[in-house]
Amino acid sequence: MPRIARPGRAAAALSLAFALVVAALPASAHDYTLGDLKIGHPWSRATPPSAKVGAGYLSIANRGGAPDRLVSAVSSVAGRVEIHEMKMDAGVMRMRELAQGLALPAGETVALRPGGYHLMLMDLRAPLREGTPVPVTLVFERAGRIEVELKVEAPTARQSGHGDHGAGHAAPAGPHKHGH
Ligand SMILES: [Cu+2]
């Protein structure tokens, strides 16, 4: 006897398929655990051929009882890596280096994402290419160090706000200023 999918079942199958697709998205994410820290989905965006800077985003959950701190980062693809904060200041988006690193309060998750905290890969040795992972070593005050891979997504991936980042660095006279 042939199976006939009733409309209800087809719709259910479709929504199930959709749910699976949606559920599959975070599956492309990757996590790392270092002591009490859980590092979630490090990623970046592909850069134009002439770009000298790139960004790195990730989340850091401190599941321990003591505060920690992201003190520095290094990458073989960049001359140096800085920890930056971006925020609106009197209507202008400004970026500054966090010289003391990024505080990770006990029991909290800190997100590095477009428009906020981020890693700044300076003096890129080669453009970041979509699909080519970028190794970055993160150094924490308490937890020690760990190498993670930034998954490089399309230049337009997720939220904007960081799209003119390279331009801001290339043209410091622009509205996107560093507060060093
Ligand atoms: Cu920056």
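Ala103 lies in strand β7, which spans residues 102-104. Strands here are DSSP runs of E with at least two residues, helices are runs of H or I with at least four residues, and both are numbered from the N terminus. This is a predicted model: local features need pLDDT of at least 70, side-chain atom pairs count only at pLDDT 80 or more, and totals for chains, interfaces and linings use all residues. Residues are numbered from 1 along each chain as its sequence is written.

**Ala103 and its surroundings**

Ala103 is partly exposed, because 14 other C-beta atoms lie within 10 Å. The classes work as follows: a residue is buried if 20 or more other C-beta atoms lie within 10 Å of its own, exposed if 12 or fewer, and partly exposed in between, with C-beta atoms placed from the backbone. Which residues does Ala103 contact, leaving aside its neighbours within four places in sequence? They are Pro67 and Arg69. A contact means that the two C-beta atoms, placed from the backbone, lie within 7 Å. The C-alpha atoms of Ala103 and Glu141 are separated by 9.7 Å, and the two residues are 38 apart along the chain.

**The chain as a whole**

The chain holds two helices and twelve strands. Their order along the sequence is α-β-β-β-β-β-β-β-β-β-β-β-α-β. Of its 180 residues, 26% count as buried. Among contacts with a separation of 6 or more, 69% join residues 24 or more positions apart.

**Strand pairing**

Two strands pair if DSSP finds at least two bridges between them.

| Strands | Sense | Bridges |
|---|---|---|
| β1 (residues 31-34) and β2 (residues 37-45) | antiparallel | four |
| β3 (residues 54-62) and β9 (residues 118-124) | antiparallel | three |
| β5 (residues 78-89) and β9 | antiparallel | six |

Strand β9 pairs with β3 and also with β5.

Strands β1 and β2 form a hairpin with two residues between them. Leu34 has Leu37 in β2 as its bridge partner. Gly35 sits in the turn and has a positive phi of about 55°.

In a regular strand the side chains alternate between the two faces of the sheet.

His41 is not a glycine, yet its phi is positive, about 40°. Ala90 also has a positive phi, near 50°. Most residues other than glycine have a negative phi, and most peptide bonds are trans.

Where does His41 lie? His41 is in strand β2. It counts as partly exposed because it has 16 C-beta neighbours inside 10 Å. Ala90 lies in the loop between β5 and β6 (92-97). Is Ala90 buried or exposed? Ala90 counts as exposed, because it has 5 C-beta neighbours inside 10 Å.

**Thr156 in a loop**

Thr156 is found in the loop between β11 (144-153) and α2 (165-170). This residue is exposed, because 10 other C-beta atoms lie within 10 Å. Thr156 and Arg45 are 111 residues apart along the chain, and their C-alpha atoms are separated by 7.4 Å. Arg45 falls within the residue range 37-45 of strand β2.
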